[in-house]
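Here is a short tour of one protein model, written for someone new to structures. Keep the picture open as you read and try to find each part.

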Amino acid sequence: MSLARALPDFPWDTLAGARQQALVHPDGMVDLSVGTPVDATPHLAQEALIEAAQAPGYPTVWGAPETRRAIINYMMSRWNSVELTDECVMPVIGTKELVGWLPELLGLGDGDAVVFPECAYPTYAVGAQVAGARLVPLDDPGELPPDTRLIWINSPSNPSGAMLSLEQMRAWVSAARKLGAVLASDECYGEFAWDGEPISVLDPRVNDGDLSGLLAVHSISKRSNAAGYRGGFVAGDPSMVKELIGARKHLGMMLPTPIQAAMSALLGDQKHVEQQRERYLARRRALRPALESAGFRIDYSEGALYLWATRDEPCRDTINWLAARGILAAPGDFYGEASSSHVRIALTAADDRIEAAARRLRNS
């Protein structure tokens with residue numbers, strides 16, 4: 001069987017009918033289905049990209065020293081990480097690439113379980129499937145199967161915006177270490193927490209100063225409106241990072257030099273992130289009450305760039321209801337069986353389109 005046949009249908013393809021319905025709205029479609037940034041990429045990234053455009057030689061998988069230093073400084077200053085060295089970090093070609101390939105790069109396969117949240121970003125499952133590992137959606141660290149080799153946690157969560165507390169983070173670390181499993185923490189939405197404190201798995205409050213078996217995954221896509229740059233990084237256990245570098249050298253998985261320069265510039269600047277936070281917060285304040293006035297309940301949504309909304313009905317019925325009003329959202333069934341009555345509504349649309357959606361919801 002080919003790999004293409006083994007994988008599920010790409011979920012976004014199933015929205016074609018709803019998209020067509022939303023497109024015929026007299027004021028046009030408001031697309032709140034995909035979490036892709038629409039605001040401008042900061043000039044400092046563009047300038048760094050241009051300055052590094054003369055790049056005739058190959059970059060290294062490990063990344064340039066300047067890139068590694070920028071990652072280390074960011075994790076230690078912004079996320080209170082335990083002390084990191086160059087051996088603890090590595091740039092990646094967008095974090096979806098790392099999520100999808102991590103089970104394979106770690107050599108997992110038949111007989112190994114990959115655990116991820118019951119309501120989760122689909123690529124955790126796809127990565128396990130590509131490696132031939134067993135998929136285990138699970139929210140309780142006390143119920144890990146004994147063959148668990150890789151655990152994904154995600155806080156703030158895509159899609160629900162749920163956030164793990166310090167106690168929950170510590171429980172996952174403890175459970176992973178009892179089994180000798182790798183704990184990978186997807187922290188790509190960490191800069192956008194609205195109700196609660198975002199915490200990195202590299203924080204000593206979580207790991208007691210020990211990086212063993214821990215990886216934190218970060219991206220510039222959301223925090224810096226740079227999804228098109230495909231820049232991200234992984235940080236954590238140096239022995240595991242070394243293993244990943246070794247495998248990736250054979251596969252040519254290296255982040256282009258100009259993108260490394262842009263990512264380094266972005267990681268060194270927090271001002272543009274705070275400005276973007278304010279944009280998303282304003283959109284959230286406009287959209288949430290409009291959804292509630294239209295009969296939706298908002299669950300979780302403490303962080304990330306989404307509102308996790310329900311009308312307590314099958315999610316595809318809600319998708320059709322929204323599409324009739326020219327609004328496209330993501331159905332919860334994209335994210336697991338546990339999510340079949342919710343829809344994910346993104347804040348990643350221009351202010352005027354967010355207001356258009358809010359107006360339609362208030363008038364429904």
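Helix 3 passes helix 10 in a right-handed crossing, where right-handed means that the near helix is turned clockwise from the far one by less than a right angle. Helix 3 covers residues 43–51 and helix 10 covers residues 257–267; helices here are DSSP runs (H or I, at least four residues) and strands are E runs of at least two, numbered from the N terminus. Their axes come within 8 Å and cross at roughly 145°. Axes are lines fitted to C-alpha atoms, for helices over the stretch in contact, with angles from 0 to 180 degrees between N-to-C directions.

Which residues of helix 3 make the contact? They are L44, A45, A48 and L49, and among their partners in helix 10 are P258 and I259. Contact means heavy atoms within 4.5 Å.

This is a predicted model, so local features need pLDDT of at least 70 and side-chain atom pairs 80 or more, while totals for chains, interfaces and linings use all residues. Residues are numbered from 1 along each chain as its sequence is written, and side-chain values use heavy atoms, leaving out hydrogens and water.

Now look for the 7 strands that form an open sheet, with mixed pairing, in the order 2-8-7-6-5-3-4. Strands pair if DSSP finds at least two bridges between them. At the edges, strand 2 (89–92) and strand 4 (134–137) each pair on one side only.

Strand 2 runs antiparallel to strand 8 (residues 232–236), joined by 4 bridges. P91 has F233 as its bridge partner in strand 8.

## A buried serine

S339 sits in the loop between strand 12 (330–331) and strand 13 (342–346). S339 counts as buried because its relative accessibility is 1%; buried means under 20% relative accessible area, exposed over 50% and partly exposed in between (1.4 Å probe, protein chains only). Leaving aside neighbours within four places in sequence, S339 is in contact with C119, W308, G332 and D333.
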